[in-house]
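Please read it alongside the sequence and the coordinates.

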Amino acid sequence: REVARQFDLRAFRPMASGLETYKGRRRLDWILISRDLVFVESSVIPTASDHLAVSARIGLASSE
């Protein structure tokens with residue numbers, strides 16, 4: 001949270017459940033983006049590791 005706050009970055013649905021990346025219990029792996037971008041979608045991808053991969057489609061924020 002501190003890094004996101006310090007650099008004015010956002011995460012995809014930071015309080016949402018179902019996005020846990022560490023052993024299915026904690027959300028340790030994040031993608032942070034600037035205010036110039038928007039998340040189109042984000043998901044967690046199973047891997048052979050104890051950490052799951054995080055994937056996101058990102059677009060440009062509207063200039064309006």
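A residue is called buried when its relative accessible area is under 20%, exposed when it is over 50%, and partly exposed in between, using a 1.4 Å probe and protein chains only. By this scale Asp 8 is partly exposed, because its relative accessibility is 41%.

This is a predicted model, in which local features need pLDDT of at least 70 and side-chain atom pairs count only at pLDDT 80 or more, while totals for chains, interfaces and linings use all residues. Residues are numbered from 1 along each chain as its sequence is written, and side-chain values use heavy atoms, with hydrogens and water left out.

**Overall organisation**

The chain contains 1 helix and 4 strands, arranged from the N terminus in the order α-β-β-β-β. Helices (H or I, at least four residues) and strands (E, at least two) are DSSP runs, numbered from the N terminus. Along the principal axes, the C-alpha atoms occupy a box of roughly 40 × 25 × 15 Å. Of the 64 residues in the chain, 16% are buried.

**Salt bridges**

A salt bridge is counted when a side-chain nitrogen of Lys or Arg lies within 4 Å of a carboxyl oxygen of Asp or Glu.

| Glu 2 | Arg 5 | 3.5 Å |

Glu 2 and Arg 5 both belong to helix H1, where they are 3 residues apart, about one turn of the helix. Both Glu 2 and Arg 5 are exposed.

Arg 35 is partly exposed, because its relative accessible area is 46%.

Glu 41 is partly exposed, with a relative accessible area of 40%.

**Backbone and loop features**

Asp 8 also has a phi near 55 degrees, a positive value in a residue other than glycine. Arg 13 has a positive phi as well, near 35 degrees, and is likewise not a glycine. Arg 13 is placed in the loop between S1 and S2, and it is exposed because its relative accessible area is 56%.

Leu 52 occurs in the loop between S3 and strand S4 (53–60). Its relative accessible area of 24% makes Leu 52 partly exposed. Leu 52 and Glu 20 are 32 residues apart in sequence, and their C-alpha atoms are 8.1 Å apart in space.

**Nonpolar surface patch**

Val 3, Phe 7, Trp 30 and Leu 32 make a nonpolar surface patch of about 390 Å². Patches are made of residues with over 30% relative accessible area and no salt bridge: like charges are joined within 9 Å, and nonpolar side chains (Val, Leu, Ile, Met, Phe, Trp, Tyr) within 5 Å. Accessible areas come from the Shrake-Rupley method with a 1.4 Å probe, and for residues only the protein chains shown count as cover. Phe 7 lies in helix H1 and is exposed, because its relative accessible area is 52%.

**Pocket and cavity**

On a 1 Å grid over the protein atoms alone, a cavity is a set of points where a 1.4 Å probe fits but cannot get out, whereas a pocket is an open set with protein on both sides within 12 Å along at least five of seven lines; lining residues have an atom within 4 Å of a point. Grid points are joined across faces, edges and corners, and a volume is the space filled by probe spheres set on the points.

The largest pocket holds about 430 Å³ of space. It is lined by 15 residues, of which Arg 1, Ala 11, Pro 14, Met 15 and Trp 30 are the closest to its centre. H1 gives the most to this pocket lining, with 3 residues. The pocket lining has 9 nonpolar, 1 polar and 5 charged residues, where Ala, Val, Leu, Ile, Met, Phe, Trp, Tyr, Cys and Pro count as nonpolar, Asp, Glu, Lys and Arg as charged, and the others, Gly among them, as polar.

There is 1 cavity of 30 Å³ or more, and the largest cavity contains about 70 Å³ of space. Its lining includes Phe 12, Leu 19, Trp 30 and Val 54. Strand S3 (residues 37–45) gives the most to the cavity lining, with 3 residues.
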